[in-house]
Amino acid sequence: QHQLHQAQKMESIGRMAGGVAHDFNNLLQAISGFGSILMDELVSEDPHRADVEEIMRAAHRAVSLTRQLMAFSRSQKMQLVPVDLNNAVLATQKMLRRLLGENIRIEDHLEPALPFIMADVVQLEQIVVNLAVNARDAMPEGGTLSLSTQLVHVAAPPRQAQGEAKPGPYLKLTVADTGVGMTPEVQDRIFEPFFTTKAAGKGTGLGLSVVYGIARQHGGFIEVVSAPGTGCTTEIFL
């Protein structure tokens with residue numbers, strides 16, 4: 001009964017999030033459009049130019065948030081093409097180094113010659129970025145982020161993935177950190193939309209929900225292993 005209630009709640013929140021995201025996106029188009037016009041009219045020395053630049057930066061961050069909402073609610077159409085998972089992971093490296101800062105080391109362990117998968121490459125990159133941001137927040141004093149890929153055979157998908165995920169070959173993307181880890185109570189709720197342990201204003205609680213949704217859309221599933229003080233390892237099976 002509890003699982004059914006949670007599933008119904010997730011479905012309702014997903015529909016609501018998709019509707020809000022579409023309406024909000026329309027407002028952002030107007031904000032960005034008029035902001036661009038205003039920017040073109042201001043010379044570089046104008047004292048108000050910095051204020052308009054802040055408005056535009058906020059609008060761009062809001063656009064990113066609406067994309068996450070639409071991905072979570074499955075309102076975004078997937079662009080499925082043959083993808084080299086290793087290339088998708090490597091394509092995020094430059095962005096990750098800016099996001100993570102100098103006190104976090106990035107390690108790659110990519111199995112060579114992986115078969116291609118039919119996937120949305122933008123969504124695969126979003127998986128890596130979302131998990132990396134979570135890892136960064138779990139390592140405030142610095143640490144190591146490890147990214148690895150591997151071809152595996154899954155004899156029996158976990159119970160929560162049955163019905164969509166089938167036995168057979170999968171590409172496994174593993175994102176591991178050396179951060180503070182999670183309690184079992186937190187792990188039970190990590191895929192709930194809008195659930196976050198971060199302070200107000202520091203996170204939306206959509207990062208892992210989006211990762212979960214993308215994995216399921218690609219016929220896969222996620223497994224998370226963590227404990228307080230031992231970091232977190234997230235495995236995405238595609």
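The model is predicted, so local features need pLDDT of at least 70 and side-chain atom pairs pLDDT 80 or more, while totals for chains, interfaces and linings use all residues. Residues are numbered from 1 along each chain as its sequence is written, and side-chain values use heavy atoms, without hydrogens and water.

Select helix α4, residues 93–100 (helices are DSSP runs of H or I with at least four residues, strands runs of E with at least two, numbered from the N terminus). Gln 93, Leu 96 and Leu 100 are buried here (buried means under 20% relative accessible area, exposed over 50%, partly exposed in between, with a 1.4 Å probe and protein chains only). They sit on the same side of α4, because their arc around the axis is only 55 degrees (taken from the directions from the helix axis to the C-beta atoms).

Turn to the face away from this buried side: Lys 94 and Arg 98 are exposed there. Then show α3 (85–90), β2 (104–110), α5 (121–138) and β4 (143–154), which are among the elements covering the buried residues of α4. After α4 comes Gly 101, with a positive phi near 90 degrees.

Next, select Tyr 170, Phe 221 and Phe 237, which form one aromatic cluster (rings of Phe, Tyr and Trp, the last by its six-membered ring, pair if their centres lie within 6.5 Å; planes under 30 degrees apart are stacked, over 60 edge-to-face, the rest tilted). Tyr 170 and Phe 221 are both buried. Tyr 170 and Phe 237 pair edge-to-face, 6.5 Å centre to centre with 80 degrees between the planes. Tyr 170 lies in strand β5 and Phe 237 in strand β7 (residues 232–237), so this pair ties together parts 67 residues apart in sequence.

Note on methods: Contact = heavy atoms within 4.5 Å.
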